[in-house]
Amino acid sequence: MSGKTVSLFIQCLVDTMFPETGEAMITVFDKLGIPYDYPTGQTCCGQPAFNSGYTRDAAAAARHFIDLFEDTEVIVCPSGSCVHMVRHHYPELFTDDPAMHSRALAIGAKTFEFTQYLVDELNITDVGAEYVGAVTYHDSCHLSRGLGIAAQPRVLLRNIRGLELIEMKDSDTCCGFGGTFSVNYPEISVAMADEKIDNILATGAGTVTGCDISCLMNILGRISRRQKDVKVRHIAQLLAGPTGGKA
Amino acid sequence: MDHNQAFFLGNIRTALGEAPHSERVKSMFPKLFASPDTTEIRQKIAGRTVAEQDELVEIFLKNGNSLNICSHIVASSDAAAAVVVELIRSKEPEFNHTKHVIGHDHPDIAALQLWKRFNREAVTVHTAFNSDRQVQEKTIASFIGITAPTIGVADSATLIQLTEPGRPRSTSLLPSIHIAIMRREHIVADLQEAYTLLRGRAHLDSLVFISGPSKTADIEAHMVHGAHGPREVHLIILAEPSAAGSDAATTEAA
Amino acid sequence: MNDYSKEAQKALASPRLQASLHTLQDRFGKGAMALWANMEDQEMRRRVKKSRLKNLEHLDILLAELARNVRARGGKVYFAETAQDAIDYTLKVARDNKVKRVVKGKSMISMEIGIDPALEEDGIEVVETDLGEYIIQLAGDKPSHIIAPCIHMDRKQIGQLFAEKLGMDYTDDPPTLTMAARKELREKLLSADMGLTGCNLACAETGHISLVSNEGNIRMATTMPPVHVALMGMERIVATLEEHRETVQLLTRGAALQKLSTYVSFTGGPSSADDPDGPKEFHLVIIDNGRAKILADPEFREVLACIRCGACLNICPVYGRIGGHAYNSSYCGPIGAVITPLLDGINKHADLCKGETLCGACKDICPVQIDLPRMLAALRQKLAYASDRWDTRQHNPAEAYGFTIWRLIITRKPLYRSLLKIGRLFQRVFIKKNNMISSMAGIASGWTDGRDLPPIAKKTFTELWEEKYRNRQAAAAPETEENQ
């Protein structure tokens, strides 16, 4: 196992609205004996600005992030889209600035999504967790298409004791979040979320999980409005045990 | 070159960061039009054994079947004629009430001697002779069109029909039923081989690839044959006995 | 509400359309992805993409060669810089030949340049001959899919339309309806004075345009009338037959999962004098209409590699819900969302630039792997900061201002943290029993009109870290190691 100290890159939505996801990640790292720290100056990676076309504002966020995380050994984040932002879009933001460009590339190379880090970097496929019940998995777009991560979360899920993984139809179809899209075009966004939720309900699973809290927040928000009885959990919570505490 | 063209291409050069007024000519970019060496492909086609040809026929039939091409393998022109005669007898005209048939001016179609075969029936057989001024009217009146495509492509079940004197394009288009007669040795494996043969031809003015009968799925994705072109395509593959080793007159393969 | 959202709402409210879109995407979107995954020659898509880009870089040479070869056969070639140039030329050809009826093969560029109204104004009857386009024309509607234009109509609507317009007995049987159109259109096709088509792919080396169709209407329109005018977007060209072979196969696979469409016809000039059919005049109109501007911008040049198969429509989750009409353009779906603003104005079509989730499915399915999501983000950048090159002004100053504030906040940790605390105080009144926020004002209502929102947590992760983990982590790290 790598002795590297993991710097936690906690997506702003996790920090502010879903801190239990961050805690769950800590629980998993504790169980596995992985050392970690948390640069508390972190705010937002800049993705909302980037996706809305505000690349200069996104670049300011990128500078802030790079300054903060530059001296870390390895960066791990419980969000595929944020990792996609850092890895693939940060360098694009500095094509006219060679020094920043190479700093961005260097940061990108050591930034990993949570399940990707466990499976690909540490070769851990079983974290010794238990979660009793049927679970279905949503493939977030930037995670699956942007980073090519689809097998890693699945192998981790299959190795959770008591968990039955039921694949939903079109698991890799977008849930309709899309950042500011969800607020600017709510009718379309909600229609897409409904489609996703119908596919989730069709599996009969009591829990839906994923690796990206943004999508899960969208799914949760719509499930809550439709008053459906499905739990929405970040994969870190399942890997940490059913309560989000120690397994 | 007209003024418009010079201006238009100048705009493109500007867009590409080139000097707008200095024309770039083909000879300066030999690689742009370079095509891979096809000697090997040509040799492969030329060196095919009868057994290999028969394999390609099998593939064509299988792929053609899923595209609703109705295929028949025959050993002689007489057997081919029998298939055609049977089709003419059994099918009914779509747009009028008389049985007119038109065929390309091609030796394999002439060899059918269709004009001899309908002495006592109301069937009129036309040939699209180059000199005949009434070919178009005859084609419009015909319910069956017979052609002899130059190349068949097994992989995509495609018939490649060149437009040539005595072989106009409407014969395989206007009649409700298209019958294609093709010698076994004219079937190649795939489009790469077919394009290789096409590249070698001098006069390539107009041609068409035909892979099955006309179809549409525009109404609720419901597949219907015969949107505008022929609603049936029959392929008669002529495999002469020197190689076929079979004297069975006809094999219904579709 | 903007027109895009309005049209989207209409589409969402139509169960018929929703069902059709599902069927379409389940079959063709998934089918194409499976085709690409199982294709023997995994390099083919990359190779064709490369050749498309290479050909764009040498477009002037290819077009000159195409024109030379077509003219050598006696065909006329006209280079039209604008839509109006193309219309004027086509009208002149029609007048010179005393054309009364034009039959059309399905062509998107004809819609892009708006030639139908121009011909009709001149007293010329224009007949669409693709069955789907014909139905659309009879209904006075607009197509909603590149390949399946009347996907938004069901058989009952079409049956009623035919009963009304063609004077036939009502039926909703697709074969009967198709046969009725076949008969009706055959008369038109046999008596038309001019055929008007697009061009799927021209080949410079041999001097041909090629057209693909399953119905045979395009063959009819290019065989029976004495005049054929082909409208070609200037980028629809390959250098060699070898490139044509691979490109056309990707086109028909992407469009309808076919190894080849039923017909691929090659035409390179008028038919010879003794040919009983084929056009006696052949005119190729090569159209720029804004393409050179796209070619000039390295950020967007790639979009000209598009071969218009429409596969991106068959997978896009947004198109899959809203259909084609919301795009209000000849080109819909992801490709339309990029090409329409570039051809017709970024500000004018701002909603097309912004109305996607950037999920990336369109890039995956594209036979030539065009990075449409990247270009959508680039278009949004023009809207965010304005662009002289694209004659674009800032789309939403309030939003821009918002992101400036956002930048100030997220680059200043103490300010960010204080604002979170203030937000936590203010949100209290909105939190419902289920610990969710279910109504908010202003733009945030876009979220809560259809969804609940979790509130800012009682303690953020950062606060929890300070309280629970920072010291423990420092003290307990070695111990945890031992526990393992």
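Which strand of chain C pairs with β9(B), and in what sense? I looked this up in a predicted model, where local features need pLDDT of at least 70, side-chain atom pairs count only at pLDDT 80 or more, and totals for chains, interfaces and linings use all residues. Residues are numbered from 1 along each chain as its sequence is written, chains are lettered from A in the order in which they are written, and side-chain values use heavy atoms, without hydrogens and water.

**Strand β9 of chain B**

I found that β9(B) pairs with β9(C), residues 263-267, in the antiparallel sense over five bridges. I took strands (E, at least two residues) and helices (H or I, at least four) as DSSP runs numbered from the N terminus, and pairing as at least two DSSP bridges between two strands. In this pairing B:Val208 has C:Ser265 as its bridge partner.

I then checked β6(B), residues 158-162, which is antiparallel to β9(B) over four bridges. Here B:Leu162 lies opposite B:Leu207.

For burial (under 20% relative accessible area, 1.4 Å probe, protein chains only), I noted that five of the five residues of β9(B), 206-210, are buried. B:Ser206, B:Val208 and B:Ile210 point one way, B:Leu207 and B:Phe209 the other.

**Helices α11 and α12 of chain A**

I looked at α11(A), residues 186-203, and α12(A), residues 213-225: their axes come within 10 Å and cross at roughly 85°. The two are therefore roughly perpendicular (65 to 115 degrees). The contact residues divide into six nonpolar, two polar and three charged.

Notes: Buried means under 20% relative accessible area, exposed over 50%, partly exposed in between (1.4 Å probe, protein chains only). Axes are lines fitted to C-alpha atoms, for helices over the stretch in contact, and angles run from 0 to 180 degrees between N-to-C directions. Angles under 35 degrees count as roughly parallel, over 145 as roughly antiparallel, 65 to 115 as roughly perpendicular and the rest as oblique. Ala, Val, Leu, Ile, Met, Phe, Trp, Tyr, Cys and Pro count as nonpolar, Asp, Glu, Lys and Arg as charged, and the others, Gly among them, as polar.
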